[in-house]
Amino acid sequence: MSEEKIEVKETDMEDSQRDMVISIVREAQRLYNIDKDVAAFVKEELDKKFGATWHVICGKCFGSRVSYEMGHFILLKCNKVNVMIYKCGY
């Protein structure tokens, strides 16, 4: 199976954290076919690895306006699905 196409639309994450997030999103899409299940898996993994509180939105089309902790935001497209991930809350 060929590698999924990943397109990072916007991020302010450090490279190492960005790479870990992309890896988690790939794994979630390998395991699940439903967007809400992908989002739940990614959130749980990020909360475990980087501490709470992460928020994950998955879908082909959505609008958003969010506040987040600096250095903890990424918007990417993986397998034609947009994934927005950000950390907010203590």
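Leaving aside its neighbours within four places in sequence, with which residues is Val-25 in contact? In this predicted model, local features need pLDDT of at least 70 and side-chain atom pairs count only at pLDDT 80 or more, while totals for chains, interfaces and linings use all residues. Residues are numbered from 1 along each chain as its sequence is written, and side-chain values use heavy atoms, with hydrogens and water left out.

Apart from those neighbours, Val-25 is in contact with Val-42, Leu-76, Cys-78, Val-83 and Ile-85; contact means heavy atoms within 4.5 Å. Val-25, Val-42, Val-83 and Ile-85 are the residues with the most contacts inside the largest nonpolar core, which has 20 residues. A nonpolar core is a set of buried Ala, Val, Leu, Ile, Met, Phe, Trp, Tyr and Cys residues joined through side-chain atoms within 4.5 Å. Two or more residues of this core come from each of helix 1 (15-31), helix 2, strand 2 (54-59), strand 3 (73-78) and strand 4 (81-87). Helices (H or I, at least four residues) and strands (E, at least two) are DSSP runs, numbered from the N terminus. In soluble globular proteins, nonpolar side chains tend to be buried together.

Strand 3 pairs with two other strands, where pairing requires that DSSP finds at least two bridges between the strands. Strand 1 (residues 6-11) runs antiparallel to strand 3 and is joined to it by five bridges. Val-8 has Leu-76 of strand 3 as its bridge partner. Strand 3 and strand 4 are also antiparallel, with six bridges joining them. Cys-78 stands opposite Val-81 in strand 4. The two strands form a hairpin with two residues between them, and Asn-79 in the turn has a positive phi of about 55°.

Helix 2 (residues 35-50) contains Glu-45. At 17% relative accessibility, Glu-45 counts as buried, because buried means under 20% relative accessible area, exposed over 50%, and partly exposed in between (1.4 Å probe, protein chains only). The side chain of Glu-45 makes a polar contact with that of Lys-48, at 3.1 Å. A polar contact is a pair of N or O atoms within 3.5 Å; within protein, one must be able to donate a hydrogen and the other to accept it, and residues adjacent in sequence count only if both atoms are side-chain atoms.

The structure holds zero disulfides, a disulfide being a pair of cysteine sulfur atoms within 2.5 Å. For Cys-58, the nearest cysteine sulfur is that of Cys-78, 9.5 Å away. Cys-58 is buried, with a relative accessible area of 15%. For Cys-61, the nearest cysteine sulfur is that of Cys-58, 14 Å away. Cys-61 is exposed, at a relative accessible area of 75%. Cys-88 lies in the segment after strand 4 and counts as partly exposed, at 32% relative accessibility. Between Cys-88 and Cys-61 there are 22 Å in space, C-alpha to C-alpha, and the two are 27 residues apart in sequence. Not counting residues up to four places away in sequence, Cys-88 touches Thr-53, His-55, Ser-67, Tyr-68 and Glu-69.

Three aromatic pairs are present. Rings of Phe, Tyr and Trp (its six-membered ring) pair if their centres lie within 6.5 Å; planes under 30 degrees apart count as stacked, over 60 as edge-to-face and the rest as tilted. The ring centres of Tyr-32 and Phe-41 are 5.9 Å apart and the planes are at 50°, so this pair is tilted. Tyr-32 is partly exposed, with a relative accessible area of 33%, whereas Phe-41 is buried, at 16%.
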